[in-house]
Amino acid sequence: VGTYGAKAFRRKLTDDETKRFATLFAEAQTKWDGRVAARVVLESLLQSPRFLYRTELGADAATGKRIALTHDEIASQLSYLIADMPPDAELQDLAAQGKLRDPAVVKQQAERLVDSPGARAKVTSFFGQLLH
């Protein structure tokens, strides 16, 4: 749950989320075998708004004030902007370490992402659509 959930949600799951999905697995396992229970949890993760929608809102969007993005949100925003893909392990690690507010680190990661196959595909697709 923790490993796949972090990939699906593009951030580490909260303790409540982990507990909720683990409880779902345990309940499903009482009705079916472990394979079906794992499928139920996987389907639940993939139907969650946290998977379906990217929201870079910051830590407290309810106040209406400008709020700095969380490190996980910076990683997601940077990765989708440049490479059109979820953050990779390196970006997720930097987010977990709290290093994505450093402009030098962000620049280094942006340069790394620009050199990725995802960025090349995004640029190719953009110009293909533009020149069509």
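Guide: The count of salt bridges comes to 6, and since this is a predicted model, every distance given here is a computed value from that prediction.

One of these bridges joins Arg 11 to Glu 17, whose closest N and O atoms are 2.8 Å apart. Glu 17 has a relative accessibility of 8% and therefore counts as buried, because the limit for that class is under 20%.

Another bridge links Glu 111 with Lys 107, and here the closest N and O atoms are 3.9 Å apart, a separation that still counts because the rule asks for a nitrogen within 4 Å of a carboxyl oxygen. Both residues belong to helix H7, which covers residues 103-114, and because they are 4 residues apart there, about one helical turn separates them. Lys 107 is exposed, at a relative accessible area of 56%, whereas Glu 111, at 49%, is partly exposed; the two fall on either side of the boundary because exposed is defined as over 50%.

A further bridge is formed by Asp 115 and Arg 120, with 3.3 Å between the closest N and O atoms. Asp 115 counts as exposed at 54% relative accessibility, while Arg 120, with a relative accessible area of 47%, is partly exposed. Beyond these pairs, salt bridges that share partners bring Asp 88, Glu 90 and Arg 112 together into one network.

Another charged residue, Arg 20, is placed over an aromatic ring: it lies over the face of Phe 21, 5.7 Å from the ring centre. That ring leads on to the aromatic pairs, of which the count comes to 2. A pair of aromatic rings is described by how far apart the centres are and by the angle between the planes. In the pair of Phe 9 and Phe 21 the centres are 6.2 Å apart and the planes stand at 65°, an edge-to-face arrangement. Phe 9 belongs to helix H1 (residues 2-9) and Phe 21 to helix H2 (residues 15-31), so this contact ties together parts that are 12 residues apart in sequence. Phe 9 counts as buried at 5% relative accessibility, and Phe 21 is likewise buried, with a relative accessible area of 5%.

Phe 126 and Phe 127 make up an aromatic pair that is also edge-to-face, with 5.1 Å from centre to centre and 80° between the planes. Phe 127 is partly exposed, its relative accessible area being 42%. Phe 126 and Phe 127 also contribute, together with Val 123, Leu 130 and Leu 131, to a nonpolar surface patch of about 550 Å².

The C-alpha trace spans about 55 × 40 × 30 Å along its principal axes. The radius of gyration of the chain is 18 Å, whereas a compact globule of 132 residues would have a value near 14 Å, and buried residues account for 29% of the 132 residues.

Ala 75 has its place in helix H5 and is buried, with a relative accessible area of 2%; its C-alpha lies 9.9 Å from that of Ala 96, a residue 21 positions away in sequence. Asp 84 is found in the loop between helix H5 (71-83) and helix H6 (89-96), and it has a positive phi of about 55° although it is not a glycine.

Key. Residues numbered from 1 in each chain as written. Predicted model: local features only at pLDDT ≥ 70, side-chain atom pairs only at ≥ 80, totals over all residues. Heavy atoms only, no water. Patch = residues over 30% accessible without salt bridge, like charges linked within 9 Å, V, L, I, M, F, W, Y side chains within 5 Å. Areas by Shrake-Rupley, 256 points an atom, 1.4 Å probe, with all protein chains shown as cover. Salt bridge = Lys/Arg side-chain N within 4 Å of Asp/Glu carboxyl O. Phe/Tyr/Trp six-rings, centres within 6.5 Å; stacked < 30°, edge-to-face > 60°. Helix = DSSP H or I, 4+ residues; strand = E, 2+ residues; numbered from the N terminus. Buried < 20%, exposed > 50% of the residue type's maximum accessible area, 1.4 Å probe, protein only. Lys NZ or Arg CZ within 6 Å of the ring centre and 35° of its normal. Rg over C-alpha atoms; globule rule 2.2 N^0.38 Å.
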